[in-house]
Amino acid sequence: MSTTQISEEESQTIVSSPKSIILRISRSNPQTGTAKSFMEFKVPYEKWTTVLDAILEVKKHFDHSVGVRYSCRQATCGSCGMIINGKPRLACFTKIVELNSDVVTVEPMNNFPVIRDLAVNFDRMFSTHKKLKPYIVRDDSEITSKTKEFLQTPEEVEKYIQFSSCIKCGLCNSACPTMATDSSFIGPQALAQAYRYIADSRDKGKNERLKIIDEPHGIWRCHFAGSCSMVCPKGVDPAMGIQLLRGYLLGFRR
Amino acid sequence: MEKQENKEGIKGWLNPGRYGIERFAYWLMRLTGIGLLVYFIAHIYETSTILNGKAAWEKMLDLTQTTEGHIILAIVIGMCVFHTANGIRLMLGHGGIGVGKPGRPDYPYTPRSINMKNKLCIYASIGLAALAMMYGLGVMFGE
Amino acid sequence: MRESIVMKVHYGTALGAVALVAVHILFRLTQEFSKSLQYESVIANYEFLPYALVLELILVLISIHGFNGLRVILLELKQGRGYEKAVTYGCIAAMVAVIAYGSRTIILASMGMS
């Protein structure tokens with residue numbers, strides 16, 4: 001396939017850059033039955049250019065129909081997860097220079113239904129996340145309690161704070177080897193969030209959540225390959241959360 | 001909307017290169033498990049020939065106590081040692097031992113569960129398996 | 001049965017099997033390897049009741065562990081109600097068959113019926 005490049009007069013931003021990469025973008029549309037194929041574009045870059053910047057450059061100058069979801073551009077909204085050079089990453093959080101490659105290939109995340117091109121459907125991830133009650137479960141509330149608020153020591157906060165950084169970008173689910181074949185697996189994202197709430201000293205929903213995850217496609221289908229933690233852009237470390245969560249079921253934790 | 005699952009499939013298991021030694025250990029654990037189960041069933045069949053008398057037993061020994069048979073047995077020894085050593089690492093990990101302590105993550109967010117202890121255990125499991133294979137070959141051929 | 005109970009059995013059988021297989025291998029190393037496989041030597045092993053008991057335990061422990069491991073791999077490979085039921089019952093049936101066939105060898109050989 002021929003490579004398209006920006007003509008000098010069209011480019012408004014980075015024509016001065018002597019460096020460029022070939023950006024290979026996966027194109028597919030299951031709705032119209034269009035099979036996956038790659039389009040190549042020659043995109044100039046600077047040391048601060050992210051993969052998302054490069055994709056938006058393509059949308060601006062070559063092909064505005066490229067399907068990509070993004071919002072905050074600062075690794076907070078969790079929208080722009082995709083496979084970049086074979087690994088799940090956030091496009092806004094990945095600089096082209098750090099890839100050390102003249103060719104950057106972007107594909108939709110694995111283990112999620114493709115909507116179009118690079119955009120995937122998060123419905124299942126959000127529904128499993130909700131299934132595990134991602135909120136504090138208890139009968140009383142901070143308003144009616146005598147203490148007015150549920151106090152926590154800094155040590156109690158440390159137990160779960162790391163897991164509350166999850167932005168639901170889905171990179172962990174995309175990297176997980178179990179999710180590569182098991183459509184019913186709860187997945188590292190939801191399991192890590194189950195630990196986040198169980199480890200919270202204010203929460204009383206431990207038994208309810210443990211019951212949900214203790215089933216044939218629940219927590220036991222995690223084999224501690226650790227790929228989820230390797231790709232997490234926020235340092236959530238789902239693999240750690242899952243193993244600590246499993247400790248409750250094995251009787252190592254109370 | 002027609003949903004395209006976009007599952008990676010078995011090649012997601014078989015492609016350990018992208019995610020480090022832990023993913024390689026995951027794949028090897030699975031492979032050695034299946035290999036050991038196949039050997040176990042074959043071993044039960046092999047030993048059952050003893051009920052058919054000395055001649056049948058010796059005929060089976062002639063079939064298995066060959067160079068190829070010894071090499072297969074050495075591979076089985078290696079699989080067994082790796083599966084055991086890595087299995088103990090996993091069991092401890094599954095209980096939350098050796099996976100690190102939760103805390104506030106700092107950039108560049110190196111995951112604590114993917115630590116040197118775990119990596120060393122995996123390398124040690126592979127090393128022990130290789131040593132056991134060499135010892136096994138020494139015992140079987142060094143007679 | 002809850003999956004946590006199944007997996008506790010999986011871990012327990014693994015630990016038990018490791019200890020007993022070590023005994024089984026040591027028995028092969030008490031004398032020269034090829035001599036330990038001689039007909040008379042193997043029969044003597046079977047007729048030594050504590051060792052026959054160890055073999056039976058190994059048979060049961062590894063069968064449970066191995067076929068549950070296979071069930072886990074197959075469940076992760078494909079999903080569906082009918083398939084999952086077939087995998088679970090198929091693995092249980094295979095496990096029972098292997099235990100029965102192996103026990104037959106151990107019992108008959110230890111009773112000197114070979």
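This is a predicted model: local features need pLDDT of at least 70, side-chain atom pairs count only at pLDDT 80 or more; totals for chains, interfaces and linings use all residues.
Colleague: Where in chain A is S28(A) found, and how should I read the name of that element?

Modeller: S28(A) is found in strand β2 (residues 20-29) of chain A. Residues are numbered from 1 along each chain as its sequence is written, and chains are lettered from A, and ligands numbered from 1, in the order in which they are written.

Colleague: Is S28(A) buried or exposed, and which residues does S28(A) touch beyond four places in sequence?

Modeller: A residue is buried if 20 or more other C-beta atoms, placed from the backbone, lie within 10 Å of its own, exposed if 12 or fewer, and partly exposed in between. With 22 such neighbours inside 10 Å, S28(A) therefore counts as buried. Two residues are in contact if their C-beta atoms lie within 7 Å, and, leaving out residues up to four places away in sequence, S28(A) touches T34(A), A35(A), K36(A), V114(A) and D117(A). S101(A), by comparison, is 73 residues from S28(A) in sequence and 24 Å from S28(A) in space, C-alpha to C-alpha.

Colleague: How many residues apart along the chain are V137(A) and D203(A), and what surrounds V137(A)?

Modeller: V137(A) and D203(A) are 66 residues apart along the chain, but their C-alpha atoms are separated by 5.3 Å. V137(A) sits in the loop between α2 and α3 (154-161) of chain A, and V137(A) is partly exposed because 16 other C-beta atoms lie within 10 Å. Apart from neighbours within four places in sequence, the contacts of V137(A) are D203(A), K204(A), G205(A) and E208(A).

Colleague: How do the axes of helices α2 and α5 of chain A cross?

Modeller: Axes are lines fitted to C-alpha atoms, for helices over the stretch in contact, with angles from 0 to 180 degrees between N-to-C directions. The axes of α2 (residues 123-131) and α5 (residues 188-198) of chain A come within 9 Å and cross at roughly 20°, so α2(A) and α5(A) are roughly parallel to each other (under 35 degrees counts as roughly parallel, over 145 as roughly antiparallel, 65 to 115 as roughly perpendicular and the rest as oblique). In this contact M125(A), T128(A) and H129(A) of α2(A) meet Q189(A), A190(A) and Q193(A) of α5(A). By class, the contact has two nonpolar, four polar and no charged residues (Ala, Val, Leu, Ile, Met, Phe, Trp, Tyr, Cys and Pro count as nonpolar, Asp, Glu, Lys and Arg as charged, and the others, Gly among them, as polar).

Colleague: How many residues of α5(A) are buried, and what covers them?

Modeller: The helix α5(A) is mostly covered, with eleven of its eleven residues buried, among them P188(A), L191(A), Y195(A) and R196(A). What covers the buried residues includes α2, α3, α4, α6, α7 and α8 (238-250) of chain A.

Colleague: What joins Y107(B) and P108(B)?

Modeller: A cis peptide bond joins Y107(B) and P108(B), with omega at about 10°, and P108(B) belongs to the loop between α4 and α5 (116-141) of chain B.

Colleague: How is chain A divided into domains, and how many residues of chain B are in contact with chain A?

Modeller: Chain A is divided into domain 1 (4-119) and domain 2 (122-250), with bounds from an automatic or database domain assignment. The contact between them takes 14 residues from domain 1 and 13 residues from domain 2. As for the chains, 34 residues of chain B are in contact with 42 residues of chain A, and the chain B side divides into twelve nonpolar, twelve polar and ten charged residues.

Notes: Helices (H or I, at least four residues) and strands (E, at least two) are DSSP runs, numbered from the N terminus.
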